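Student: I have a model open and want to go through it with you. Please keep the answers brisk.

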Amino acid sequence: MTPEARRDLLAASLDEVRRRIGRACAAADRDPGSVALVAVTKTYPASDVVLLAGLGVTDVGENKDQEAAAKSAAVRAEGVALRWHFVGQLQRNKAKSVVTYADVVESVDSMRLAGALSTAAARLRERPLDVLVQVSIDGDPARGGAIAGAADADRDLWRVAAAVNEAEGLRLGGVMAVAPRGWEPERAFAELAVLTARLCSEYPDATVVSAGMSGDLEQAVRHGATHVRIGTSLLGMRNTLR
């Protein structure tokens with residue numbers, strides 16, 4: 001596929017995603033400007049990121065450090081400035097790398113990870129790193145996410161939020177969540193809204209709610225998402241590019 005053809009394809013997909021966000025906001029009686037798009041570009045080349053930036057995308061998400069570090073460097077080398085979100089599960093030993101390119105880490109789900117990011121950010125960054133606490137909606141300890149009332153204190157949602165809020169080099173931005181498998185998105189994001197309301201009552205500046213992906217952005221917007229993370233609906237299925 002030529003760069004021109006790829007750009008046209010991305011432009012059409014981006015227009016449709018923006019229309020979906022607009023319709024979802026209208027149905028929820030919300031301002032479309034209150035919902036930001038994060039283009040999840042994992043497995044896609046840096047050239048796609050550059051094309052998306054040219055189409056007006058300002059925020060991109062990645063979920064693997066090795067890929068994200070190289071891709072963000074390649075995009076910067078093209079003179080393109082974007083806001084990079086790390087959205088995947090993060091090992092503490094990757095903190096030193098992630099803080100050098102990410103503007104936001106959306107997947108902090110333990111006090112120990114918050115501590116590792118704090119140490120790295122304080123040493124390697126000039127500005128605080130924005131952090132979202134990843135919320136486990138179903139409370140399954142086998143999956144990622146901090147849990148309200150967790151038996152393991154390190155992964156208790158309220159303790160993690162407090163740790164981020166108090167940490168040097170970090171700024172608590174809000175929460176991130178994924179609708180659990182087997183749950184209706186409507187139910188999942190309604191549960192998230194309850195937890196988010198409590199968090200905001202304790203931390204009024206933590207207003208970001210990153211929720212909703214290609215298959216469920218409408219339900220997420222209905223329940224207060226401020227950011228939606230869109231991959232497939234924007235960039236297509238990976239095998240269609242071969």
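Tutor: Helices (H or I, at least four residues) and strands (E, at least two) are DSSP runs, numbered from the N terminus. The model is predicted: local features need pLDDT of at least 70, side-chain atom pairs count only at pLDDT 80 or more, and totals for chains, interfaces and linings use all residues. Residues are numbered from 1 along each chain as its sequence is written, and side-chain values use heavy atoms, with hydrogens and water left out.

Student: In which loop does T43 lie?

Tutor: T43 is a residue other than glycine, yet its phi is positive, near 75°. Most residues other than glycine have a negative phi. T43 lies in the loop between β1 and α2.

Student: Is D29 buried or exposed?

Tutor: D29 is found in the loop between α1 and β1. Its phi is positive, about 55°, although D29 is not a glycine. Buried means under 20% relative accessible area, exposed over 50%, and partly exposed in between (1.4 Å probe, protein chains only). D29 has a relative accessible area of 73%, so it is exposed.

Student: Which residues of helix α2 are buried?

Tutor: Helix α2 spans residues 46-54. Contact means heavy atoms within 4.5 Å. What covers the buried residues of α2 includes α1 (3-27), β1 (36-40), β2 (59-62), α3 (65-77), β3 (83-86) and α9 (232-235). The buried residues are A46, D48, V49, L51 and L52.

Student: Which residues have the most contacts inside the largest nonpolar core?

Tutor: A nonpolar core is a set of buried Ala, Val, Leu, Ile, Met, Phe, Trp, Tyr and Cys residues joined through side-chain atoms within 4.5 Å. The largest one has 73 residues, and α1 gives the largest share, seven residues. The residues with the most contacts inside this core are V105, V108, L117, V164 and L192.

Student: What does L117 touch?

Tutor: Leave out residues up to four places away in sequence. L117 then touches L90, A95, V99, V105, V108, L129 and L170.

Student: Which residues lie nearest the centre of the largest pocket?

Tutor: On a 1 Å grid over the protein atoms alone, a pocket is an open set of points where a 1.4 Å probe fits, with protein on both sides within 12 Å along at least five of seven lines; lining residues have an atom within 4 Å of a point. Grid points are joined across faces, edges and corners, and a volume is the space filled by probe spheres set on the points. The largest pocket holds about 820 Å³ and is lined by 28 residues. Nearest its centre lie K42, V87, V178, M213 and R229.

Student: What does V178 touch?

Tutor: V178 lies in the loop between β6 (170-176) and α7 (185-202). With a relative accessible area of 36%, V178 is partly exposed. Not counting residues up to four places away in sequence, V178 touches I137, M213 and R229.
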